[in-house]
Each structure stands twice: as structure tokens, then as C-alpha cells.
Amino acid sequence: MERSVKTIYPENRMPSAKKKRRVSSALSPWLFLAPGMIVFMIYVIYPILDSILLSFYEWDGLGEKTWVGFSNYAELFDSEAFYTALKNNLYWLVFFMLAPPIGLFIALFLNQQVKGIRVVKSLFFFPFVISQVVVGLVFAWFYDPKLGLLNIALGWFGVDAISLLADEDLVTFGIIAAGLWPQISYCMILYLTGLNNLDPEQLEAARLDGAKKLKMLWYVVIPQLRPATFIAIVVTVIGALRSFDLVAIMTSGGPWGSSTVLAYLMYEESIFNYRMGYGAAVAVMLFLIMDIYIAYFLWRMLRSEK
């Protein structure tokens, strides 16, 4: 029997079990990743490339596309609405950076073993689970100049009622405040998870070395929360740059376009003005700003880890 096997499979040609295992171990990850990669290519990569290509055309969404080259971008950089939207997005980005530190502070406050703390946690968690549309409607009522709680509270201090969402100078900050409410809640959840996974040995060693309060927080706790901080900042930046829901619900970009942002400008030009190419140019600019910021932040994070 051994001779027959050797005659059929010479020693130098006999299938190797190790080679089979190597091939299977190399192919297995790709087989598992293939469905997700296909979906990612169809629903993420292809729309991005198609939007970039569409930005070089003039198209109303129905008729034939007309090649215009960089005309959409030239018009975009000469548009006052674009710079207003860009300025508002910068406001969103700056003030949204308050969400991670405030979320950390609340998480530290809630990370205690006291009676009734779960009820308090659920109250802080509540803004994250409700829809952005609901948040927008709640804050629109809150800012109402006649019946809103904001103006009722201001009246107690003798301050005249203000129509915040109708004020060109204040409307953007009012919407940002509404957006910060659920964003702080999200950062709080990330930090609570991180606080529950702290290394107890490091904490005990720090206590033995005399570290207390601020020193313990700065030198022991915060370094261990670096992964949570990374996720919180990246998600906060993306949320600030793609802000759309609250603007659409609360003001529709008004009054007179003073609260518009790049995402809403893209939507307005594409859907209402039937300028798909111009709207795609706005989307490309927003995509580039987002990519540059996140790439820079990733570079800083990797550099600090090295």
C-alpha cells in the first residue's frame, strides 16, 4: 500500500499539510472580509468617486450632464454663502470640542458607587438615544420668544425676551448648544466605559506613591483613557463638520442664510436649486476638510504613541 501511494505521489510532489494550512490561513481573513468590503466599495467608495466626478459637471438631476470642468469650484470660491457656511462649520468645530472634556467631567462624577446613581446615569444618557429631530424641536420650543423656558428664565432676571433663532448673530450658537446636548452625552458614555476598564494595579501603585485627586487624574487616569479620548474627538469632529439635521429642523439655514453649514448648503443647492454638480462640489470641499483634519489628528496620535 505504501509503495502504491509513493508511486502515485512521489515524495517531492506529495501534498503538504503545512502548505494547505498556510493557504487556508491566508485566505480565511479575506473570505470573512469580502462581504463587508463589497458593501463598503458599493455604498462608500463608489459614491465618493461619483460625487467627485459629478462636481465637474452641470446637471439638474434629470437631463443630460454638461462638462464644465472647474467652473463649479470657481463659482463656489466666489460665493458669499460658501464662506458663511464655512465660518459656521468652524464655529461648530470649535465649540463641539467642549464635548469631550465636559463628558469626561460628568463621567467622573457619575463613576461612583452611591445610592440612586443609576437613575442619574440614565438621565444623562437620555439625550443620546433620542433623535436629532426631537432635539431640534425641543430646543426650538425652548428658544421660543413668547413661551420658551429660556425667555421665561431671562424674565426672572429682568432681561427682555430675545428671538434667538431669528437673530443673525446668535442663531448659529443657539443651534450649536442644541447639538452639544447629545454630543456630551455620547462622550460621557465613552468615558464611563473607559473608567470601568482602568487598570486597578496602576491605581493602587499611584495611591501608594502618594498620588491624589488632580495628580491621579492627570498622570494615571487620563493616560489610560487615551483610546476613549481618540474616539470621542474623532466622532465629535465628524459630527461638527457634517452638522445638518438641527440646522434643517430649527432654521432651514435662516435667517437669510446666516445659520447654513456646508452640509445644508450642499442639500439646498442639489435638491431645491437642482444644481447637482454644484452641490457635489460643496460635498467634495467638506470631504477634503474632514479628511485633512482627521488625517492630521491620526498622525499626531500615532506620533505620540511611537
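Predicted model: local features only at pLDDT ≥ 70, side-chain atom pairs only at ≥ 80, totals over all residues.
Visitor: How many aromatic pairs does the model hold?
Guide: The count comes to 19 aromatic pairs.

Visitor: Why is Phe82 called buried?
Guide: The relative accessible area of Phe82 is 3%. Buried means under 20%, so Phe82 is buried.

Visitor: And why is Tyr83 called partly exposed?
Guide: Tyr83 has 42% relative accessibility.

Visitor: Why is the pair of Tyr296 and Trp299 called tilted?
Guide: The planes of Tyr296 and Trp299 stand at 35°, with the centres 6.2 Å apart. Stacked needs under 30 degrees and edge-to-face needs over 60, so this pair is tilted.

Visitor: Where do Tyr296 and Trp299 lie?
Guide: Both are in helix α15, residues 276-305. They are three residues apart, about one turn of the helix.

Visitor: What makes Tyr296 partly exposed?
Guide: Tyr296 has 47% relative accessibility. Exposed means over 50% and buried under 20%, so Tyr296 is partly exposed. Trp299, at 47%, also counts as partly exposed.

Visitor: Which residues do ring pairs link into a cluster?
Guide: Phe56, Tyr57, Trp67, Phe70 and Tyr73.

Visitor: How do you know that the charged end of Lys65 sits over the ring of Trp59?
Guide: The charged end of Lys65 is 4.9 Å from the ring centre of Trp59. The distance must be within 6 Å, and the direction within 35 degrees of the ring normal. Lys65 counts as sitting over that ring.

Key:
Residues numbered from 1 in each chain as written. Heavy atoms only, no water. Phe/Tyr/Trp six-rings, centres within 6.5 Å; stacked < 30°, edge-to-face > 60°. Buried < 20%, exposed > 50% of the residue type's maximum accessible area, 1.4 Å probe, protein only. Helix = DSSP H or I, 4+ residues; strand = E, 2+ residues; numbered from the N terminus.
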